Amino acid sequence: MKNRILTGDRVTGKLHLGHYVGSLKNRVELQHQYETYLLLADVQALTTHFENPELIKENLRQVALDYLAAGIDPEKSTIFVQSLIPEIAELTAYYSMFVTVNSLKHNPTIKAEARARGNSEMNYGFLGYPISQTADITFCKATLVPVGEDQIPHIEQTRKIVRRFNQLYKPILVEPTALVGEVPRLVGLDGNNKMSKSMGNALVLDSTKDEVNEKIKKAKTDPSRIHKNDPGNPEICPIYAYHQAFNKEQSNEIFEGCKKGQIGCMECKQKIAGSINDLLEPMRDKRNQYQNNPKRVDEILMSGTERARQIAKETMLEVREAMGLNYFS
Ligand code: ATP
Ligand code: MG
């Protein structure tokens, strides 16, 4: 049996460049070596968007299109819907018995996300979402989880839960490892340290050429650079970070040129917009093909969900047996 990958995204909006370099690129490459499961995290989207379920419904298909456009092969990878696997909710309930509220409250990503949303009081579902992620990862006994840097504390939490379960009941669960992408955390267009769907600072993969050019034109740069000949500070400039991520071959040259005030921000932006458009162009074609065939997309999601459900049922039997909850068998 091939080792398994489990990873996914909240269906709160279309995927962006941060997703691509943080995780999606790895998934596309690894789907040939690993049995790959991609979760459309609609339940996790509800933790922050429970008042807007219609937004989740719309974005479920958009994120599926993002996967397919980026090169996820539905013959190789299983794309499925989180809320249609009730075993995930069941596992979440069991695991939540041995996770302390304190450990969740001190999780650095939970803290940062709550702060960014201005939440002084966290809802129970949001606070507990790392437990639900543990259920996602363990129902299919994934060994590898390609994710961005913000997810590392959650994978650590998952490993702890797995160890605790195995020690309390029976060693049936598998401890996963995080695989962080080449760019663990891509900066936002506004200079915020994380490009994020919900922060309005993202460049989505489904952008037209003009949208890329326009958004890059307006993106933040080093604020101390006013004239072209002013020496710049590429290390704090989002545009330079994008060169490192999407125009690696020229990034040293850009760094030097900026430091010496030899390359202006306009030129630097035009170059990176070109590289980003080169990356996105083939995705646009593929997306179009699938977008024109919505029935096919639905089939992919339904059959993927069915496959995932089968595995979830098998794991659930093992879990119940391990915990002694198999009363009548
Ligand atoms: P939201 O703002 O709704 O939370 P998001 O942009 O943070 O959306 P998620 O669905 O929460 O996206 O994250 C999905 C995956 O993409 C995770 O593995 C996360 O680490 C990764 N990821 C998200 N943003 C970035 C980024 N800017 N750089 C690298 N990886 C990222
Ligand atoms: Mg997020």
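**Ground rules**

This is a predicted model, in which local features need pLDDT of at least 70, side-chain atom pairs count only at pLDDT 80 or more, and totals for chains, interfaces and linings use all residues. Residues are numbered from 1 along each chain as its sequence is written, chains are lettered from A and ligands numbered from 1 in the order in which they are written, and side-chain values use heavy atoms, with hydrogens and water left out.

**Stop 1: helix 1**

Select residues 17-30. This is helix 1, with 14 residues. Helices (H or I, at least four residues) and strands (E, at least two) are DSSP runs, numbered from the N terminus. Helix 1 reaches 19 Å from first C-alpha to last, close to the 20 Å expected at 1.5 Å a residue. The expected span is 1.5 Å times one less than the number of residues.

Now centre on Ser23. Helix 1 has a kink of about 50° there. The bend is the angle between axes fitted to the seven residues ending at a residue and the seven starting there.

Check the cover: 12 of the 14 residues of helix 1 are buried. Buried means under 20% relative accessible area (1.4 Å probe, protein chains only). Among them are Leu17, Tyr20, Ser23, Arg27 and Leu30.

**Stop 2: helix 8**

Select residues 129-139. The buried residues include Tyr129, Gln133, Asp136 and Phe139. Step just past helix 8 to Lys141, which takes a positive phi of about 50°.

**Stop 3: the pockets**

On a 1 Å grid over the protein atoms alone, a pocket is an open set of points with protein on both sides within 12 Å along at least five of seven lines; a cavity is a set where a 1.4 Å probe fits but cannot get out; lining residues have an atom within 4 Å of a point. Grid points are joined across faces, edges and corners, and a volume is the space filled by probe spheres set on the points.

The largest pocket has a volume of about 1,100 Å³. Select Thr109, Glu113, Asp150, Gln151 and Lys194, the closest to its centre of 48 lining residues. Helix 1 and helix 8 are among the elements that each supply at least two lining residues. The lining has 18 nonpolar, 19 polar and 11 charged residues. Ala, Val, Leu, Ile, Met, Phe, Trp, Tyr, Cys and Pro count as nonpolar, Asp, Glu, Lys and Arg as charged, and the others, Gly among them, as polar.

Next, select Thr92, Tyr124, Gly125, Gly128 and Ser132. Of 23 lining residues, these lie nearest the centre of the second largest pocket, which holds about 450 Å³. Helix 4 gives the most to this lining, five residues.

**Stop 4: the cavities**

How many cavities of 30 Å³ or more does the structure hold? Two.

The largest cavity has about 70 Å³ of space. Its lining includes Arg225, Cys237, Tyr240, Cys258 and Cys268. Helix 11 (238-246), helix 12 (248-259) and helix 13 (265-291) each give two or more residues to that lining.

Finish at the second largest cavity, of about 40 Å³. Select Asp66, Ala69, Ala70, Leu205, Asp206, Met283, Arg284 and Arg287, which line the second largest cavity. Four are nonpolar and four charged. Domain 1 (4-186 + 293-323) and domain 2 (207-288) both give residues to this lining, so the second largest cavity lies between them. The domain bounds come from an automatic or database domain assignment.

Key
Buried means under 20% relative accessible area, exposed over 50%, partly exposed in between (1.4 Å probe, protein chains only).
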